[in-house]
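These are my notes on a first reading of the structure shown below.

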Amino acid sequence: MTALAVTTAAAVLGLAGPADAATPVVSFTRAQFDSPGTDNRTNASLNAEWVRLTNNTTKAIQLKGWTVRDVSNHVYTFPAATVPAKRSIYLHTGKGKAYTDSTGGHLFWGSGNYIWNNTGDTAYLRNTAAKTIDTCTWKSGTKPVNC
Ligand SMILES: [Ca+2]
Ligand SMILES: [Ca+2]
């Protein structure tokens with residue numbers, strides 16, 4: 001088929017267009033944007049605020065040099081961290097010892113303040129080429145939110 005024919009066939013079938021055709025290789029899948037309880041900025045409270053990222057592929061992905069940022073441009077740059085195929089990692093806001101293993105992992109922003117606004121925010125995931133791979137946007141309301 002010609003490209004035009006393919007495009008037309010896709011339109012007739014109601015298939016997704018190029019802009020949203022593929023699931024990102026890594027995507028946000030959940031965000032606990034409001035730490036449970038009073039936001040008193042203890043490290044435990046900061047770490048109860050997190051975003052979850054899932055490797056949607058069947059191969060491990062190395063995130064070294066990728067970034068997560070919010071609307072206010074707070075930026076987290078990933079250290080060497082491998083996400084196993086089909087597994088998830090949590091990026092906590094506070095300080096802690098990062099690790100990944102065969103089941104997933106936990107990483108830590110190291111922030112002394114909350115990153116994810118309770119009243120609404122957007123998380124952006126970018127790769128080493130600064131290409132936006134996925135975003136997750138929420139407004140105040142039910143939490144954690146599924147992205
Ligand atoms: Ca809270
Ligand atoms: Ca924010």
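**Entry 1: overall make-up.** I counted the elements of the protein chain and found 2 helices and 12 strands. The model is a predicted one. From the N terminus on, I read their order as α-β-α-β-β-β-β-β-β-β-β-β-β-β. I then looked up burial: of the 147 residues in the protein chain, 26% count as buried. I also checked contacts with a separation of 6 or more, and 54% of them in the protein chain are between residues 24 or more positions apart.

**Entry 2: an open sheet.** I asked in which order the strands of the open sheet lie. The sheet has 4 strands in the order S5-S4-S10-S11, with antiparallel pairing. Its edges are strand S5 (75–77) and strand S11 (132–139), each of which pairs on one side only. Neighbouring strands of the sheet are turned by 15 degrees against each other on average, direction ignored.

**Entry 3: the pairings, one by one.** I began with strand S4 (residues 67–69), which is joined to S5 by 3 bridges and runs antiparallel to S5. Here Arg69 stands opposite Val75 in S5. S4 is also joined to S10 by 3 bridges, again antiparallel, and I noted Arg126 in S10 as the bridge partner of Thr67. Between S10 and S11 I found 7 bridges, with the two strands antiparallel. Tyr124 stands opposite Thr135 in S11. The hairpin of S10 and S11 has 5 residues between the strands, and there Ala130 takes a positive phi near 65 degrees.

**Entry 4: the two faces of S10.** Which residues of S10 point to one face and are buried? I found Asp121, Ala123 and Leu125 on that face.

**Entry 5: the core.** I looked up the largest nonpolar core and found that it has 26 residues. Phe28, Ala31, Val51, Leu53 and Leu91 have the most contacts inside this core. At least two core residues are supplied by each of strand S1 (26–32), strand S2 (50–55), strand S7 (88–92), strand S9 (104–108), strand S10 (120–126) and S11. In soluble globular proteins, nonpolar side chains tend to be buried together.

**Entry 6: Leu91.** What does Leu91 touch, leaving aside residues up to four places away in sequence? I listed Trp50, Val51, Leu53, Val68, Tyr76, Leu107 and Trp109.

Definitions and conventions: Residues are numbered from 1 along each chain as its sequence is written. Chains are lettered from A and ligands numbered from 1 in the order in which they are written. This is a predicted model: local features need pLDDT of at least 70, side-chain atom pairs count only at pLDDT 80 or more; totals for chains, interfaces and linings use all residues. Two strands pair if DSSP finds at least two bridges between them. Axes are lines fitted to C-alpha atoms, for helices over the stretch in contact, and angles run from 0 to 180 degrees between N-to-C directions. A nonpolar core is a set of buried Ala, Val, Leu, Ile, Met, Phe, Trp, Tyr and Cys residues joined through C-beta atoms within 7 Å. A residue is buried if 20 or more other C-beta atoms lie within 10 Å of its own, exposed if 12 or fewer, and partly exposed in between; C-beta atoms are placed from the backbone. Two residues are in contact if their C-beta atoms, placed from the backbone, lie within 7 Å.
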